Amino acid sequence: MKRQFRPLRHPLRMLPLALLLAVQLPIAAAQPAAAQEPARPEDPPYEAELMRLSEILGALHYLRPLCGSPDGSVWRDEMESLLDAEVQDDERRRRFIERFNQGYRGFSSVYVKCTPAAEAALARYIEEGGALIRNVTTRYNR
């Protein structure tokens, strides 16, 4: 017996999946580049968390103004503060900046206006960034 394709009765059932994919695609696109960067012995144990935070700051630098927040350069300034506090050598600085730019480009290539998916990504990134900061400061505070 041959099966026939039946269209979905309620196409809006796919909307949550579409939103999830729209949020995850920029993140997935940035992952392979991060995986190519091997850990160096001189890096601190929280290097991966700071790299992820750099990526989140880049995403926030793009998404917040897109969604109407009057942040201006706040997130780029936060990245500069992170670099000033944490980075002493040029190679490491380059890696942090690359991750910031990945976060920015990942969303700028997908979103040209604020959408519900962009707002969901924004909320998730703010939450994740806060959790990273709390984790690093509580576990590795000098």
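Begin by selecting α5 (116-140), which gives the lining of the largest pocket its largest share, nine residues. A pocket here is an open set of points on a 1 Å grid over the protein atoms alone, where a 1.4 Å probe fits, with protein on both sides within 12 Å along at least five of seven lines; lining residues have an atom within 4 Å of a point. Helices (H or I, at least four residues) and strands (E, at least two) are DSSP runs numbered from the N terminus.

The model is predicted: local features need pLDDT of at least 70 and side-chain atom pairs count only at pLDDT 80 or more, whereas totals for chains, interfaces and linings use all residues. Residues are numbered from 1 along each chain as its sequence is written, and side-chain values use heavy atoms, with hydrogens and water left out.

**The pocket**

Of the 24 lining residues, L50, L53, L82, I133 and T137 lie nearest the centre of the pocket. The lining divides into 15 nonpolar, five polar and four charged residues. In this division, Ala, Val, Leu, Ile, Met, Phe, Trp, Tyr, Cys and Pro count as nonpolar, Asp, Glu, Lys and Arg as charged, and the others, Gly among them, as polar. The space in this largest pocket is about 460 Å³, a volume being the space filled by probe spheres set on grid points that are joined across faces, edges and corners.

Next, select L82. Apart from neighbours within four places in sequence, L82 is in contact (heavy atoms within 4.5 Å) with L50, L53, S54, L57, V87 and F96.

L82 also belongs to the largest nonpolar core, which has 26 residues; L57, L63, M79, L82, F96, F107 and Y111 have the most contacts inside it. Such a core is a set of buried Ala, Val, Leu, Ile, Met, Phe, Trp, Tyr and Cys residues joined through side-chain atoms within 4.5 Å; buried means under 20% relative accessible area, exposed over 50%, and partly exposed in between (1.4 Å probe, protein chains only). The largest share of this core, nine residues, comes from α2.

**The disulfide**

Now select C67 and C114, which a disulfide (cysteine sulfur atoms within 2.5 Å) joins at an S to S distance of 2.1 Å. C67 sits in the loop between α2 and α3, and C114 in the loop between α4 (90-108) and α5, 47 residues apart. The torsion about the S-S bond is about 95°, so the disulfide is right-handed.

**The whole chain**

Finally, display the entire protein: five helices and zero strands. Buried residues make up 36% of its 142 residues.
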